[in-house]
Amino acid sequence: MKPLVRFSISVAAYQILFTDKIPVSAAVNESVNIVKNSPLKNLSGFVNAVCRRFAKEREHILSELATTEDY
């Protein structure tokens, strides 16, 4: 995965999962726009799909993280 795409998804995932002040739609939109305004604009649909999936699965992901043991 290209670093810009990975970074964009990572930032959106953090914002979706761990911040309450940033609306989910804004987090997704900004990450998609970062990729759209780069030479990798053809991957903006992929970023959109992954970010929206994070938003849809937010509660499940957070519950899984809460039950995971740190080593």
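Student: In which helix does Arg52 lie, and why is Arg52 called exposed?

Tutor: Arg52 lies in helix α3, where helices (DSSP runs of H or I, at least four residues) and strands (E, at least two) are numbered from the N terminus. The model is a predicted one, in which local features need pLDDT of at least 70 and side-chain atom pairs count only at pLDDT 80 or more, while totals for chains, interfaces and linings use all residues. Residues are numbered from 1 along each chain as its sequence is written, and side-chain values use heavy atoms, with hydrogens and water left out. As to the label, buried means under 20% relative accessible area, exposed over 50%, and partly exposed in between (1.4 Å probe, protein chains only). Arg52 has 55% relative accessibility and therefore counts as exposed.

Student: How far is Arg52 from Val28, in sequence and in space?

Tutor: Their separation is 24 residues in sequence, and 6.9 Å in space, C-alpha to C-alpha.

Student: What makes Leu17 buried, and which residues is Leu17 in contact with beyond its sequence neighbours?

Tutor: Leu17, a residue of helix α1, has a relative accessibility of 7%, so the label is buried. Contact means heavy atoms within 4.5 Å. Neighbours within four places in sequence aside, Leu17 is in contact with Phe54, Arg58, Ile61 and Leu62. By contrast, Asn33 is 16 residues from Leu17 in sequence and 19 Å away in space, C-alpha to C-alpha.

Student: Why is Ile61 given the label partly exposed?

Tutor: Its relative accessible area is 21%, and therefore Ile61 is partly exposed. Ile61 belongs to helix α4. Not counting residues up to four places away in sequence, Ile61 touches Leu17 and Phe54.

Student: Which residues of α1 are buried, and what covers them?

Tutor: The buried residues of α1 are Val5, Ser8, Ile9, Ala12, Ala13, Gln15, Ile16 and Leu17. Their cover includes α2, α3 (44–56) and α4 (58–67). Val11, also found in α1, has 30% relative accessibility and so counts as partly exposed. Its C-alpha is separated by 9.7 Å from that of Cys51, 40 residues away along the chain.

Student: What makes α1 roughly antiparallel to α2?

Tutor: Helix α1 (residues 3–18) and helix α2 (residues 24–36) pack at about 170°, their axes being 9 Å apart. Angles under 35 degrees count as roughly parallel, over 145 as roughly antiparallel, 65 to 115 as roughly perpendicular and the rest as oblique. The angle therefore makes the two helices roughly antiparallel. The axes are lines fitted to C-alpha atoms over the stretch in contact, and angles run from 0 to 180 degrees between N-to-C directions.

Student: Which residues make this contact, and how do they divide by kind?

Tutor: From α1 come Leu4, Ser8, Ala12, Gln15 and Ile16, and from α2 Val24, Ala27, Val28, Ser31, Ile34 and Val35. They divide into 8 nonpolar, 3 polar and no charged, where Ala, Val, Leu, Ile, Met, Phe, Trp, Tyr, Cys and Pro count as nonpolar, Asp, Glu, Lys and Arg as charged, and the others, Gly among them, as polar.

Student: How do you know whether the span of α1 is close to or far from the expected one?

Tutor: The expected span is 1.5 Å times one less than the number of residues. With 16 residues, α1 reaches 22 Å from its first C-alpha to its last, close to the 22 Å expected.

Student: How many aromatic pairs does the structure hold, and why does a pair receive its label?

Tutor: There is 1 aromatic pair. Tyr14 and Phe18 lie 5.6 Å centre to centre, with 45° between the planes, and the pair is tilted. Rings of Phe, Tyr and Trp (its six-membered ring) pair if their centres lie within 6.5 Å; planes under 30 degrees apart count as stacked, over 60 as edge-to-face and the rest as tilted. Both residues lie in helix α1, 4 residues apart, about one turn of the helix. An α-helix has 3.6 residues a turn, so residues three or four places apart point the same way. Tyr14 is partly exposed at 48%, and Phe18 is partly exposed at 47%.
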